[in-house]
Amino acid sequence: MPDDPDVQKRILRAELRERRQNLPAHEREHAAEGFTARLQELVGMTEAESISCYLSMPTEPDTRPFVNWAEARGIRVLFPITREDGLLDWTVGEEQTESIGLHGVPQAHGELLGPMAINDVDLIIVPAAAIDATGMRLGWGRGYFDKTLGSMGKCPPVYAVVFDSEFVEHVPRELHDQPVNGVVTPTRIVAF
């Protein structure tokens, strides 16, 4: 492995992306059931009444069954909207539709509430490429969540969602990287 953490990250991301793309459909479906159950448990543990959660891409852990469950229970769900300036905006997605936004990321449609809206939630659920044993998060390299989490005054618990094989011993880290408070896999919830 090269010494430069940025290069290490790029190599690791490429491996993880390929692994996700090659995951058989039945394993993906089985994992989706596990993710939904663990995320429901997490909401119970944190007693969250308002959360932020992303809409997953096809190769990511499927967040939609969980989001549907949360909305059906009257939990307020904020969805991230990527902006050109590198910040995230937020919406509750009241139009119940989605489209593909910047960088091919699925986005909910609804009134934009501004980057500060995230400050009002009880629980933040973020995507990740990998999480290590110390809670360090390897994202996909665009820095949206690192910027958001790094700028929050009082941050609620932040949990990343990854497949079991992506909860690893160590990920390369740089100064701007933000750790998470816990990780959710199809089989477990780990708080750091």
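Leaving aside its neighbours within four places in sequence, which residues is Arg-38 in contact with? The answer is Val-184, Thr-185, Pro-186, Thr-187, Arg-188 and Ile-189, where contact means heavy atoms within 4.5 Å. Keep in mind that this is a predicted model, in which local features need pLDDT of at least 70, side-chain atom pairs count only at pLDDT 80 or more, and totals for chains, interfaces and linings use all residues. Residues are numbered from 1 along each chain as its sequence is written, and side-chain values use heavy atoms, with hydrogens and water left out.

**Arg-38**

- Arg-38 is found in helix 2; helices (H or I, at least four residues) and strands (E, at least two) are DSSP runs, numbered from the N terminus.
- With 17% relative accessibility, Arg-38 counts as buried; buried means under 20% relative accessible area, exposed over 50%, and partly exposed in between (1.4 Å probe, protein chains only).
- A polar atom of the Arg-38 side chain lies 2.9 Å from the backbone oxygen of Pro-186.

- Strands 2 and 3 run antiparallel and are joined by 4 bridges.
- Thr-82 stands opposite Leu-88 in strand 3.

**Helix 3**

- Phe-66, Val-67 and Ala-70 are buried in helix 3 (residues 64-72).
- Seen down the helix axis, the buried residues of helix 3 fall within an arc of 100°, so they line one face; the arc is that of the directions from the helix axis to the C-beta atoms.
- The cover over those buried residues includes helix 2 (25-46), strand 1 (50-53), strand 2 (76-82) and strand 6 (123-127).

**Cysteines**

- The structure holds 0 disulfides, a disulfide being a pair of cysteine sulfur atoms within 2.5 Å.
- Cys-53 is in no disulfide, and the nearest cysteine sulfur, that of Cys-155, is 15 Å away.
- Cys-53 counts as buried at 1% relative accessibility, while Cys-155 is partly exposed at 36% relative accessible area.

Definitions and conventions:
Two strands pair if DSSP finds at least two bridges between them. A polar contact is a pair of N or O atoms within 3.5 Å; within protein, one must be able to donate a hydrogen and the other to accept it, and residues adjacent in sequence count only if both atoms are side-chain atoms.
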